[in-house]
Amino acid sequence: LEKDRTRRYETANGFAADVQRYLAGEAVLAHPPSKAYRIKKFIRRNRGPVLAASLVSFALIAGIIGTTLGLLEAKKQETEAKRQETIAKEQEAVAKQETAAKEQARAAEAERAEGERLAKLDAQAQKNQAEVNLAFAKKGNEILGSVFAGLDPKMNYANVGEFSQALKDNLKKAVQDLEGSAIGDPLVVAEMQNTLGLSLLGLGDPQQAIILFEKAHAAKLGADHPLAFTSMNNLALGYKVAGRLDLALQLFEETLKLKRAKLGPDHPDTLISMGNLALVYKAAGKLDLALPMYEDTLKLQKARLGADHPNTLTTMGNLALGYRDAGKLDLALPLLEETLKLMKAKLGADHPDTLVSMCTVALGYRDAGKLDLALPLLEETLKLMKAKLGPDHPNTLASMNSLALCYWDAGKLDLALPHFQEAAAGIEKRGFQAEHAGSFVTNLIACHEQLQQFDQAEPWRRKWLAVVKELSGADSLPYADKLVMLGLNLLQQKKWTDAEPVLWECLTIREKHQSDVWTTFNTHSILGGAFLSQKKYADAKPLLLKGYEGMKTREKTIPPAGATRIPEALDRLIELYTATEKPEEAKKYRALRAKYPEVAPPPRELVR
């Protein structure tokens with residue numbers, strides 16, 4: 001029936017065969033040979049085997065399915081277990097975090113509570129400390145304020161000296177109050193001690209100032225503490241003013257060493273210490289140390305501060321004075337003139353430092369014998385100082401003293417004396433409180449004695465003796481030096497009984513401190529002369545002999561200024577043996593005396 005011939009049975013036998021195949025359960029040719037058709041036919045032909053195979057296959061499939069389902073269930077359970085484990089871990093972590101957060105919160109609360117407690121304690125402590133500090137401040141103010149208590153500016157003090165003495169008394173009272181008070185911080189106490197010490201030093205009481213400086217220096221501040229440097233410098237300065245140059249040198253040297261190590265070799269403060277040390281070397285007569293120190297200081301100051309800096313100019317002036325003292329006028333004068341030129345340009349023609357420099361240059365001219373240049377410059381300087389600073393200013397008085405010295409050198413004692421008198425009277429008004437007060441008084445004394453006015457010199461010797469006693473102490477060599485000069489003055493006035501106790505006091509001090517020095521033996525001879533003039537020959541003889549023999553043994557140590565001391569001692573021995581009628585002894589000492597030329601003694605103690 002197929003239209004397509006290829007799809008038709010070709011013969012009846014083909015058809016019969018196909019029927020036969022159908023009946024046999026085989027695939028017929030008339031049906032399309034699809035896979036499903038062939039399988040279907042295969043099953044019909046092989047029902048038994050196929051059924052058995054099917055059962056086996058089913059069993060296999062069922063097993064596979066069961067196994068797979070078991071595996072899936074196990075996998076599921078495993079996954080669930082892991083999930084549960086993860087959940088448990090997460091819950092545990094959350095629990096730990098919550099626990100940690102709670103602990104942190106508790107710690108924070110505890111810390112906050114502790115902080116609050118400490119803050120309250122700190123606030124209370126600060127309040128307590130503030131109250132203590134306030135009490136200390138009030139006490140400190142009371143002590144410092146007491147310095148000026150009762151110093152009514154309207155009060156009629158006779159002179160500056162009386163006012164200064166009142167101020168000094170108040171300062172001493174303040175020192176006592178400070179000693180008995182609990183101010184608190186040791187540094188505060190040390191600063192107050194330095195302040196009060198400087199005030200006392202400025203008022204001419206170095207002994208009390210030194211006590212305060214020593215206490216401030218002992219405040220264990222540490223070698224490089226700024227206040228330690230201040231205390232050391234102040235203490236050294238106090239020693240210098242008191243004439244204790246050995247201690248001043250030692251402390252200035254130590255201060256310089258520490259400053260060099262801490263601040264550096266060219267720091268301005270280090271350079272100031274170098275200048276201070278050079279100044280004390282100069283005061284101690286150690287020019288071989290002072291001049292190189294000044295030269296090094298000047299070189300460093302010019303490099304660090306500049307050639308016209310005030311500190312540089314001060315060092316230039318000091319170096320020039322050092323050259324002058326060393327007799328090196330060829331170096332001193334040009335440096336003095338250069339310093340003055342720079343000061344005029346930097347500070348002005350009438351600046352106080354410029355005026356001091358003018359006076360210094362004039363003194364350089366005087367030392368060089370150029371009185372024609374020195375006198376007019378000093379007269380001009382004094383005029384400018386009186387106008388700028390006033391007639392009683394220490395610098396004015398110093399200029400007055402210098403002009404008087406220049407008149408002396410010119411042989412014009414009639415002009416020198418009134419200037420010496422004015423300078424000494426001016427410094428007395430200030431309570432003798434100036435750096436060169438001693439030279440003003442000493443030069444007036446020397447001028448009076450040069451004019452044979454010993455009675456007019458005596459009151460000034462006694463005034464200055466009291467000052468030196470207060471400054472240096474009743475057991476000091478400077479005081480002994482002034483005692484012997486007063487004794488000689490009294491001997492010149494033939495006040496033998498007045499001279500005797502004065503000379504005994506001097507001899508006691510010198511024997512204690514300088515028993516083997518020629519000046520002590522000179523004092524023996526002078527005291528013997530006081531007894532000799534009273535005809536107390538028994539008392540005079542041992543003193544005169546010991547005096548001469550002691551000086552003769554030490555003749556090489558006697559400086560040129562003391563060249564007349566041995567001849568004077570011999571003259572006293574000649575007088576003794578002549579008066580006691582021992583011509584042979586007198587002849588012996590006349591022969592010894594003839595070996596010494598007649599030398600007029602220089603004016604004693606003239607300070608230039």
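Ring pairs join Y548, Y577 and Y589 into a cluster, where rings of Phe, Tyr and Trp (its six-membered ring) count as a pair if their centres lie within 6.5 Å, with planes under 30 degrees apart called stacked, over 60 edge-to-face and the rest tilted. This is a predicted model, in which local features need pLDDT of at least 70 and side-chain atom pairs count only at pLDDT 80 or more, while totals for chains, interfaces and linings use all residues. Residues are numbered from 1 along each chain as its sequence is written, and side-chain values use heavy atoms, with hydrogens and water left out.

A search of the whole structure finds five aromatic pairs. A pair of aromatic rings is described by the distance of the centres and the angle of the planes. Two of the pairs are set out here.

| Aromatic pair | Centre to centre | Angle between planes | Class |
|---|---|---|---|
| W408 and F420 | 6.1 Å | 70 degrees | edge-to-face |
| W504 and F531 | 6.3 Å | 65 degrees | edge-to-face |

W408 belongs to helix α15 (residues 394-409) and F420 to helix α16 (residues 413-429), so their pair ties together parts that are twelve residues apart in sequence; helices here are DSSP runs (H or I, at least four residues), numbered from the N terminus. W408 is buried, at a relative accessible area of 10%, and F420 is buried as well, at 0%, where buried means under 20% relative accessible area, exposed over 50% and partly exposed in between (1.4 Å probe, protein chains only).

With W504 in helix α20 (residues 496-513) and F531 in helix α21 (residues 518-533), the second pair in the table ties together parts that are 27 residues apart in sequence. Here W504 is partly exposed, with a relative accessible area of 37%, whereas F531 is buried, with a value of 5%.

Another contact with a ring involves a charge: the charged end of K463 sits over the ring of W460, 4.1 Å from its centre, a description that requires NZ of Lys or CZ of Arg to be within 6 Å of the ring centre and within 35 degrees of the ring normal.

Turning to the backbone, Q452 has a positive phi of about 65 degrees although it is not a glycine. Q452 is found in the loop between α17 (437-450) and α18 (454-472), and at 57% relative accessibility it counts as exposed. E581, likewise not a glycine, has a positive phi of about 55 degrees; E581 lies in the loop between α23 (565-579) and α24 (583-593) and is exposed, with a relative accessible area of 70%.

Note on methods: Helix = DSSP H or I, 4+ residues; strand = E, 2+ residues; numbered from the N terminus.
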